[in-house]
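Let's take a walk through this model, starting at one spot in the chain and then stepping back for the wider view. Keep the structure open beside you as you read.

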Amino acid sequence: MKNILKKTVFVMLILSMLITPTMGEEATDKLMLDMITLEMAENTYEIKKLDYEILQYQDKYDEAQRDRFSGGSTLESLLSQRYNVIKAQMDLDYSIWNREQKSKEVKLNSEELFFDYILGLDEIELHKLILTDKQTSLDEAKEKNKLGLNTLKEIRSAELQVENQMYHIQSLENNLSLIMYELNKNLRWELTKVIDVVYEEIPRVEKVDIDIAKVVEESLVDHGDVVKKVQNLEMKEAYIEALDNAGTIKSSNDYVDALRNKELAILELAEAKSNLEFKIRSEFNNLISSEQSVKIKELELENVSSQLSIMMKRFELGLETQAALNSAIREEQIANISLERARLELYFLYNEFVNKYE
């Protein structure tokens, strides 16, 4: 069991944070990644509620400890007091662990929103360039039509491409607004507050280097969900031990119920371990799939870049039009953003896995 003094200090730290003004009261126009992750990891609504929950469990633990020394001396009273202390300590331990895990999760989520916002801005800028290219193609089609070099059908086709591109940009802008709303909500700002971010390079994971067997082995011992079930089993065993010390008849209802509760606790522990291992291995498989996706996107970008090099040489020789060259350039830019998104997904899946299990 964790040292109670350490828990109390942790709880006092939480109490001090609960009365600290939120970042929303001192909002800045330019958001930096470190600022967002620090603020969201401590001051989102979800984290604040967990802070209050820890304080409540601390109160219950303190109350159980007081009752332990001031309650009755009958066997029933002593067993009840001991049970209440163990249960309160178990709940407090788990609430502190859960808060720490949630803080890591929120921090990672804030990073994801930050980089999604950056990529969203880049993607909109790119598709605005594509819109300009398509508008230029439309203008050229109209000029050719005046000279009798094409038909109205070709003009309408070019117009549809412009319209579709405008709708696509609108969709991207709507998605960006949703990211902005979520950032503002988690920062406890006004949802519609217009934000600006300090650009940072998209992070990447060069290689997934995880010993999955070791992760499973260690998690089945020290993961919070497993520890809680182990504590629950220990509590049931302690109750049986107390009944034995008191000379309780093994055929009595109390003793039989205690044995059944112990067997149930054993089953719940086994189930928790099985569920946890399944979850770990499934998430690891998703991580490996994401790593493979990045490699595919890298090959796709390499291929598109190679095609662009050929196109540029042909353009210099007068064998390709400016429109064709622009199209090849945009294809490379699209492939690059697609690769960045794949890398970002891998980065977050990797860090989420490490935060949860290592």
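Leaving aside its neighbours within four places in sequence, which residues is Ile-210 in contact with? The answer is Val-215, Phe-284, Leu-287, Tyr-350, Phe-353 and Glu-358. Bear in mind as you look around that this is a predicted model.

Several of these names come up again once you look at the largest nonpolar core. That core has 52 residues, and Ile-210 is among those with the most contacts inside it, along with Phe-115, Tyr-117, Leu-183, Ile-280, Leu-287 and Phe-353. At least two core residues come from each of α2, α4 (75-146), α5 (152-186), α6 (212-222), α7 (224-245), α8 (253-316) and α9 (322-357). The top contributor is α9, which gives ten residues.

Now zoom out to the whole chain. Its secondary structure comes to nine helices and two strands, and if you follow the elements from the N terminus, they run α-β-α-α-α-α-β-α-α-α-α. For the overall shape, a box taken along the principal axes and filled by the C-alpha atoms comes to roughly 105 × 45 × 35 Å. The radius of gyration is 30 Å, whereas a compact globule of 358 residues would have one near 21 Å. In the protein chain, 38% of the 358 residues count as buried. The chain exposes about 21,300 Å², with carbon and sulfur atoms supplying 53% of that area.

What about contacts along the sequence? Taking those between residues at least 6 apart, 81% join residues at least 24 apart. As for charge, there are 45 positive and 67 negative side chains, and the centres of the two sets lie 2 Å apart.

A few individual residues are worth a stop. Thr-44 sits in the loop between α2 (33-43) and α3 (45-70). Is Thr-44 buried or exposed? Thr-44 counts as buried because its relative accessibility is 5%, and the cut-off for buried is under 20%. Not counting residues up to four places away in sequence, Thr-44 touches Glu-39, Val-106, Asn-186 and Arg-188.

Move on to helix α4, where you'll find His-127. With 10% relative accessibility, His-127 counts as buried too. Setting aside neighbours within four places in sequence, the contacts of His-127 are Gln-165, His-168, Ile-169 and Leu-172.

Apart from neighbours within four places in sequence, Ser-290 is in contact with Ala-342, Glu-345, Leu-346 and Leu-349.

Ser-309 lies in helix α8 as well. Why does Ser-309 count as partly exposed? It comes down to the relative accessibility of Ser-309, which is 40%, and partly exposed covers the range between under 20% for buried and over 50% for exposed. To finish, trace a line from Ser-309 to Lys-30: these residues are 279 apart along the chain, and their C-alpha atoms are separated by 38 Å.

Conventions
Residues numbered from 1 in each chain as written. Predicted model: local features only at pLDDT ≥ 70, side-chain atom pairs only at ≥ 80, totals over all residues. Heavy atoms only, no water. Helix = DSSP H or I, 4+ residues; strand = E, 2+ residues; numbered from the N terminus. Rg over C-alpha atoms; globule rule 2.2 N^0.38 Å. Buried < 20%, exposed > 50% of the residue type's maximum accessible area, 1.4 Å probe, protein only. Contact = heavy atoms within 4.5 Å. Areas by Shrake-Rupley, 256 points an atom, 1.4 Å probe, with all protein chains shown as cover. Lys, Arg positive; Asp, Glu negative; His and termini not counted. Charge placed at Lys NZ, Arg CZ, Asp CG, Glu CD. Core = buried A, V, L, I, M, F, W, Y, C linked by side-chain atoms within 4.5 Å.
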